[in-house]
Amino acid sequence: MKLVKVLGSITSTIKDSTLEGTKLLLVQAVDVDLKERDDFFVAVDTIGLGEGEIALIVTGSTAKRTDITKHKNVDAAIVAKVERIDLENSVIES
Amino acid sequence: MKLVKVLGSITSTIKDSTLEGTKLLLVQAVDVDLKERDDFFVAVDTIGLGEGEIALIVTGSTAKRTDITKHKNVDAAIVAKVERIDLENSVIES
Amino acid sequence: MKLVKVLGSITSTIKDSTLEGTKLLLVQAVDVDLKERDDFFVAVDTIGLGEGEIALIVTGSTAKRTDITKHKNVDAAIVAKVERIDLENSVIES
Amino acid sequence: MKLVKVLGSITSTIKDSTLEGTKLLLVQAVDVDLKERDDFFVAVDTIGLGEGEIALIVTGSTAKRTDITKHKNVDAAIVAKVERIDLENSVIES
Amino acid sequence: MKLVKVLGSITSTIKDSTLEGTKLLLVQAVDVDLKERDDFFVAVDTIGLGEGEIALIVTGSTAKRTDITKHKNVDAAIVAKVERIDLENSVIES
């Protein structure tokens, strides 16, 4: 999984029919210290997140396995909200 | 999914037989602010797009799941036209 | 597989239901000489590792094949602890 | 798919038995303007190409789907010769 | 497939049970001229290679398809020894 931050949402009216009703979020990869990396994804939100929240995304065929994304033609999905990262000498809360 | 801009189209007469009749577009990855990134893909157009339009592509095995790409030997497909991106403090319309 | 070092653990209460009970570790890719690379993953721990240990992760659909990750919506899993690397002229023990 | 240029061919006598009889080409990714990128692949030729030609490759599980690569343990295959790229203000013929 | 050079071997006693009996090699990606790239993999050896040899690896789900890796939770496997590369104006023997 990749650690990401939610930046915003995508509006699309012309799209593959399986994408109807999906909430597409624009996310940016972040480092351990939550610093933004130069890497972006559009992922289906399966758990209800908002801008600025830290999350985990799965990519590839796994993204089609959640209850929300079953039978949808997607290759990235948010599967967890990250509340806390415990490192050897520090704790990061988001 | 990846955010991309349509650059143009590919003509190929010598090709895998499953690619007959597919419209192959050359696309370039873009940033949140639609600035071009140094990353290119050739993707099957499943929704009818033209040069300069912003879109989402899926890559990998998902690209073979749309009604247009079923049974075709492709690994990238355009699945949505992006009309609008809502960020925390701005809206980008394309 | 990729050579990684375990940095810490992720806490998430809001998540895909298949992730319940999984131990999610934050790992960082390392070089042959165990020097840290600028690449991070969150992977399910299937063998019981702690911070600072060197491990191998699998990514993609393979990550769902272990006894621990079966039917879980994950795309990265730790599958081995690395104890020793034998190179042509040196041995690295971790 | 990725846009590539054929650089040459690979000779291998010791190999996985499913690779017997495959023609393995060394290819280099190219930009829209056919400028070489610092990215190389070895791909099975399924359409009969020679050095210097521009082609499309598929990677991942799709590479095993062509008539030529069925049941072969490969993860990259050339599926189309690119004859022409139409951009907004120019045409590139190869 | 990716062109790689074998650097050494990995010893792991604590691991996923499907990895028992596999020979795990550390490999480094190389360029057309066999110059080392800054990219490393750990791959299952399916053909019997030693340090310094040039090989092809497959990654992703294909890595689980060889006779040696069937039912093993791996995502990279060496499938060919590279003996010779024929380029337009040169031959590289390894």
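Colleague: Ground rules before we start?

Modeller: This is a predicted model, where local features need pLDDT of at least 70 and side-chain atom pairs count only at pLDDT 80 or more, while totals for chains, interfaces and linings use all residues. Residues are numbered from 1 along each chain as its sequence is written, chains are lettered from A and ligands numbered from 1 in the order in which they are written, and side-chain values use heavy atoms, with hydrogens and water left out.

Colleague: How many residues does the contact take from chain C and from chain A?

Modeller: Chain C gives 27 residues and chain A gives 25 residues, contact meaning heavy atoms within 4.5 Å.

Colleague: And what's the area buried between them?

Modeller: About 2,300 Å², with carbon and sulfur atoms giving 52% of that. Buried area here is the accessible area (1.4 Å probe) that two parts lose on being put together, summed over both.

Colleague: Which residues in chain C lose the most area to chain A?

Modeller: Ile14(C), Asn73(C) and Asp75(C), which together make up 24% of what that side buries.

Colleague: OK, charges. How many salt bridges are there between the two chains?

Modeller: Two, counting a side-chain nitrogen of Lys or Arg within 4 Å of a carboxyl oxygen of Asp or Glu. One of them pairs Lys2(A) with Asp39(C), where the closest N and O atoms are 3.4 Å apart.

Colleague: Which elements of chain C give two or more residues to the side that touches chain A?

Modeller: β1 (2–11), β2 (24–30) and β3 (36–45) of chain C; strands are DSSP runs (E, at least two residues), numbered from the N terminus. The largest share, seven residues, comes from β3(C).

Colleague: What does β1(C) pair with over in chain A?

Modeller: Strand β6 (residues 84–87) of chain A, antiparallel, through four bridges. Pairing takes at least two DSSP bridges between the strands. Within that pair, Arg84(A) has Thr11(C) as its bridge partner.

Colleague: Switching to chain C itself: how do β2(C) and β3(C) pair, parallel or antiparallel?

Modeller: Antiparallel, over six bridges, with Val30(C) partnered by Glu36(C). The two strands form a hairpin with five residues between them, and Leu34(C) in the turn has a positive phi of about 65 degrees.

Colleague: And which strand is joined to β3(C) in the parallel sense?

Modeller: β5 (residues 76–81) of chain C, by two bridges. There, Val44(C) stands opposite Ala77(C).
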